[in-house]
Amino acid sequence: MHENTERTLTRDCPAIQIPAGNTIILSAGSTVFITQSLGGSYTVATEMGLARVAPQNADALGIEIEATSKTDAAASGPVDEKKVWDQLKTCYDPEIPVNIVDLGLIYDCHIAPATERGAQVTVKMTLTAPGCGMGPVLAQEAKSKIESLPGVDEASVELVWDPPWNQAMISEAGKMQLGII
């Protein structure tokens with residue numbers, strides 16, 4: 001874990017400003033404070049406020065990037081829905097240290113039968129607030145993580161607003177993490 005550590009950026013680093021969702025560049029040599037490191041991404045406090053650093057830019061924080069690989073769809077067999085849900089549990093809200101599944105943001109997951117290229121996964125998700133600029137960022141992260149699963153050819157993540165999200169949708173595990181049980 002890298003939470004609560006100060007780092008000096010080793011190179012210019014693209015990041016996403018929280019909660020606006022704007023892309024910014026954090027300059028080499030600037031100091032950041034890692035406030036959350038969950039699911040491979042990093043939430044950092046900067047002089048411009050909070051920002052999210054993607055896993056592929058961890059080296060700018062002085063953190064070694066782990067290589068990942070995807071095996072051939074034909075060799076892996078059908079896509080297991082539990083593995084899709086488990087992969088979605090590796091996506092975290094950048095401000096709340098709870099994954100998007102336990103936050104109750106995932107409404108539906110459908111896996112279409114595999115073709116010769118692999119299965120297609122469709123997910124419907126919402127956000128804690130409709131105006132959150134991080135929505136497209138979280139949806140893209142979920143899409144990328146699903147597509148990294150063996151046997152998945154393509155994923156689509158649709159942001160939906162019905163039913164509106166509320167705190168009752170948080171799982172028991174999420175409520176325990178947030179201390180609201």
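**Entry 1: alanine 114**

I started with alanine 114 and found that it counts as exposed, at 54% relative accessibility. For my own use I noted the cut-offs: exposed is over 50% relative accessible area, buried is under 20%, and partly exposed lies in between, with a 1.4 Å probe and protein chains only. Alanine 114 has its place in the loop between β7 and β8. I also looked up its separation from leucine 159: the two are 45 residues apart along the chain, and their C-alpha atoms are separated by 24 Å.

Before going on, I reminded myself that this is a predicted model, where local features need pLDDT of at least 70, side-chain atom pairs count only at pLDDT 80 or more, and totals for chains, interfaces and linings use all residues. Residues are numbered from 1 along each chain as its sequence is written, and side-chain values use heavy atoms, with hydrogens and water left out.

**Entry 2: glycine 118**

Is glycine 118 buried or exposed? I found it buried, with a relative accessible area of 2%. Glycine 118 lies in the loop between β7 and β8. From isoleucine 63 it is 55 residues away in sequence and 33 Å away in space, C-alpha to C-alpha.

**Entry 3: threonine 10**

Next I went to the loop between β1 (5-8) and β2, where threonine 10 lies. Threonine 10 is exposed, with a relative accessible area of 55%. Which residues does it touch, leaving aside its neighbours within four places in sequence? I found Ala28, Asp59 and Ala60 in contact with threonine 10, where contact means heavy atoms within 4.5 Å. Threonine 10 and alanine 60 are 50 residues apart in sequence, and their C-alpha atoms are 5.0 Å apart in space.

**Entry 4: two cis prolines**

I looked up the peptide bond from isoleucine 18 to proline 19, and it is cis, with omega near 0°. Proline 19 lies in the loop between β2 (13-17) and β3 (23-26). The bond from aspartate 162 to proline 163 is cis too, with omega near 0°. Proline 163 lies in the loop between β9 (152-159) and α4 (172-178). The element names come from DSSP runs numbered from the N terminus: helices are H or I with at least four residues, and strands are E with at least two.

**Entry 5: helix α2 and its partner**

I then turned to helix α2 (residues 81-88) and helix α3 (residues 135-147), whose axes come within 9 Å and cross at roughly 140°. That makes α2 oblique to α3; angles under 35 degrees count as roughly parallel, over 145 as roughly antiparallel, 65 to 115 as roughly perpendicular, and the rest as oblique. Which residues make the contact? From α2 they are Val84, Gln87 and Leu88, and from α3 they are Ala142, Lys145 and Ile146.

**Entry 6: the two sides of α2**

Val84, Gln87 and Leu88 of α2 are buried. They cover an arc of only 100° around the axis, which puts them on the same side of α2; the arc is that of the directions from the helix axis to the C-beta atoms. What covers the buried residues of α2 includes β7 (106-112), β8 (119-125) and α3. On the face turned away from this buried side, I found the exposed residues Lys82 and Lys83.

Note on methods:
Axes are lines fitted to C-alpha atoms, for helices over the stretch in contact, and angles run from 0 to 180 degrees between N-to-C directions.
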